[in-house]
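Biologist: I'm new to this one, so let's go through it together. Could you show me the structure?

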There are 2 protein chains.
Amino acid sequence: MTTISAVETQDVRFPTSLELDGSDAVNVDPDYSAAYVRLIAENGEEGHGLVFTLGRGNEVIISAMQSCAQRLIGQDLDALLGDLGAASKRLIHDSQMRWLGPEKGVSHMAAGGLVNALWDLAARRAGLPLWRYLAQLPAEEIVAAIDFTHISDALSPDEALEILRAGEEGKAQRIEQLEAEGYPAYTTSPGWLGYSDEKMLRLSQQAVAEGFDLIKLKVGGDVESDRRRLRLIREALGEDIKVAIDANQRWDVPEAIEWLNQLQEYSPWWIEEPTSTDDILGHAAIRQAIAPMKVATGEAVHNRIIFKQLLQAGAIDIMQIDSTRVAGVNENLANLLLAKKFGVPVCPHAGGVGLCELVQHFSFFDYAAVSGTQENRYIEFVDHLHEHFTEPVVIRNARYQAPQQPGTGAQMHAESRTRWSFPHGEGWQQVADRAAVTRTG
Amino acid sequence: MTTISAVETQDVRFPTSLELDGSDAVNVDPDYSAAYVRLIAENGEEGHGLVFTLGRGNEVIISAMQSCAQRLIGQDLDALLGDLGAASKRLIHDSQMRWLGPEKGVSHMAAGGLVNALWDLAARRAGLPLWRYLAQLPAEEIVAAIDFTHISDALSPDEALEILRAGEEGKAQRIEQLEAEGYPAYTTSPGWLGYSDEKMLRLSQQAVAEGFDLIKLKVGGDVESDRRRLRLIREALGEDIKVAIDANQRWDVPEAIEWLNQLQEYSPWWIEEPTSTDDILGHAAIRQAIAPMKVATGEAVHNRIIFKQLLQAGAIDIMQIDSTRVAGVNENLANLLLAKKFGVPVCPHAGGVGLCELVQHFSFFDYAAVSGTQENRYIEFVDHLHEHFTEPVVIRNARYQAPQQPGTGAQMHAESRTRWSFPHGEGWQQVADRAAVTRTG
């Protein structure tokens, strides 16, 4: 028997707000950050996890992780990994901490970081990248990992089992295909609000040259500027390239409808986060009013219960799961199965720091074992900060190449974590020194 | 000009899990706790606020409060109090921290604690208890304090203004009436799941003798026991006493409907939290299936956007606002006006520690200036921990008596805060010592 002997956390932040990379109508100055966690077993095995944040408040996630970690330290690792459904409930449903959510916000994200670190341990033990690890689990074990509480009216364990059993047909071939050809990506890199028209066009044309056929632009600053940017993109790229737009929850419902109808002539493929992601009825009203433009949402959807309703209400055309918003792998398995049940494509949110590395596993697994299709499906790609990970994502011909290293993809180089530890890491000291020079210079 | 010179936090917890007070089907061992905050101005003025939690994780709220407080320290107090709408947005919509919610969970509750401390300062300056302070503000100032973002499709600033202007008629008389007669209370004290039938009946009869005509029982453990407890209550109290029941989100939608239909013969007045409070469509389905039993929810509703939808979807008969779940006074003003717009009575959640002291102000204000009626309206009352506050609530003839002291009611005795500081306060040292004796004895 080996137990979890330590849970180490690190507050890792990158000074991305110094550039305007990552800027949108709502998130104006993000410092892409990771509340990083490392589970260490007595026998030396390790599991890594992270929660993505925008900088300030990263330490609050760390505080919640440390609280939650008390429920892991000293526990039998074999027992935890032998029943990851029970282990995740243990972390999410602490009888006192659940008041802080329940199942939302800081406490839920922190629990998810620890849950993911357990899956990282499990996949490493098996010597498989997460997607391959999931794809070889018996359907019953996947179902046992899922908490059906508050979603059973839309998806029962039996229905989930049926979906996974149907997914077994052709799975081996699909895995081979994924290993050979990868999975489609789309890119957000050209479209940040802070970029000049010239930079946006140059990066868009470059993306198309690299093979991307879906590009995303941030919108929601002002409607005239959105119209100009969309017109320029259409003039430069023609009608065959899909252009998605993203408002980051900027609008109220009537405003969203009015604004989006002024963009219709440029045929945006989807509008992402037109309003609060808490607003299920609002998304449904917007979708009805702006068809055929698709509605996408999910990076801020805090749990499977909101996704369930977005699907029940016919409020979304595209479901955008996020790897560190919900409570880890288990809840994202529920999300994938809900999407399959309702016939809605999943196009994961990525970018930030580590999100591409983490979330790709869900799309690979989905193709291998759940939906079995790549139609209208893409993983977001943003070309930031990949160099800090032990297995940075590889994009070839505008496709994510199948990750190969054992684990979930969360492991960041120790050197990067040390250098960008906030606020005392060497990188941050240099930022502070430069700022001091600017102020006095 | 005076500035905010310090923001002090304290992690105050009470060992209530040692008794079974406060136990229900989901919250089995709460240690009622307060993440307590004190704003201190250069000139010595103070504002107090707190966020209620169940124990573990209280320190996570504190961590978020400390982060958020950086946006107050050194700020001009007059400017903050002169525009509490702007001040609350400043705290809630930090461009980096909003990722942790947005507007939900730990970060939202922590911001709310600080917002409430600012209102405490404002009301103290005016020498008025919060409800009187609110009731004398011009309608335009109330409206200016509210963030209509993501609710304007259901309630516009103009509609809010209209409601408040209509509320001005008869306001002075209603304030007099509140000062003389108070506001109806209901009691949850008899109904905790951990109590024996005998204790439940004794406390219920005592409550009726004290004048209460609405009593609440926790349900959701097992249906036979719920039926037995309801039958005993009905036999003891007759048909004229209203009995509400509370499942604390214990059920999925189909289970809720089946379970509740087995309790119909005892005519529960409302079922509270039959399922996840994130599940707007689920509440609507349950409400439709169990009429005429009313559906109530709100203590875990994380913001005005969820309340908006519960009202739009016809999912609730009773709206239960909470004083420390949402982002403070401003957001609860939005909630009261939404309820009025949709004609749904507000019966606030209270209990825990300090929630009665805080939330009563909203019902008093609602009667004085918003709905102007007490029909089907009650404030929850639980007789716990009031002695720690400088102005404990007063219940007379089963009615809350109007609070008189300037401020929001959040101020806890310094001695209580010190004694129950976690984990090193004297009270907790004694608990630890007793536990050690029990273990070795």
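Biologist: What makes β5(B), helix α10 and β6(B) a right-handed β-α-β unit?

Modeller: Bear in mind that this is a predicted model. Point the strands away from you: a crossover counts as right-handed if the path from the first strand over the helix to the second runs clockwise. β5(B), α10 (residues 223-237) and β6(B) make a unit of that hand. β4(B), α9 (residues 197-209) and β5(B) make a right-handed β-α-β unit too.

Biologist: How do you know that β5(B) and β6(B) pair?

Modeller: Pairing needs at least two bridges, and 5 bridges join β5(B) to β6 (residues 242-246), with the strands running parallel. Lys216(B), for instance, stands opposite Ala244(B).

Biologist: And what makes β4(B) and β5(B) a pair?

Modeller: They have 2 bridges, in the parallel sense, and at least two is the cut-off, so they qualify. Here Gly191(B) of the chain stands opposite Leu217(B) in β5(B).

Biologist: Why is β5(B) called mostly covered?

Modeller: A residue is buried if 20 or more other C-beta atoms lie within 10 Å of its own. In β5 (residues 214-218), 5 of its 5 residues are buried. Leu214(B), Lys216(B) and Lys218(B) point one way, while Ile215(B) and Leu217(B) point the other way, and all are buried. In a regular strand, side chains alternate between the two faces of the sheet.

Biologist: How many residues does each chain bring to the contact?

Modeller: Chain B brings 50 residues and chain A brings 50 residues. On the chain B side, α1(B) gives the largest share, 5 residues.

Methods. Residues numbered from 1 in each chain as written. Chains lettered and ligands numbered in written order. Predicted model: local features only at pLDDT ≥ 70, side-chain atom pairs only at ≥ 80, totals over all residues. Buried ≥ 20, exposed ≤ 12 C-beta atoms within 10 Å, placed from the backbone. Helix = DSSP H or I, 4+ residues; strand = E, 2+ residues; numbered from the N terminus. Contact = placed C-beta atoms within 7 Å.
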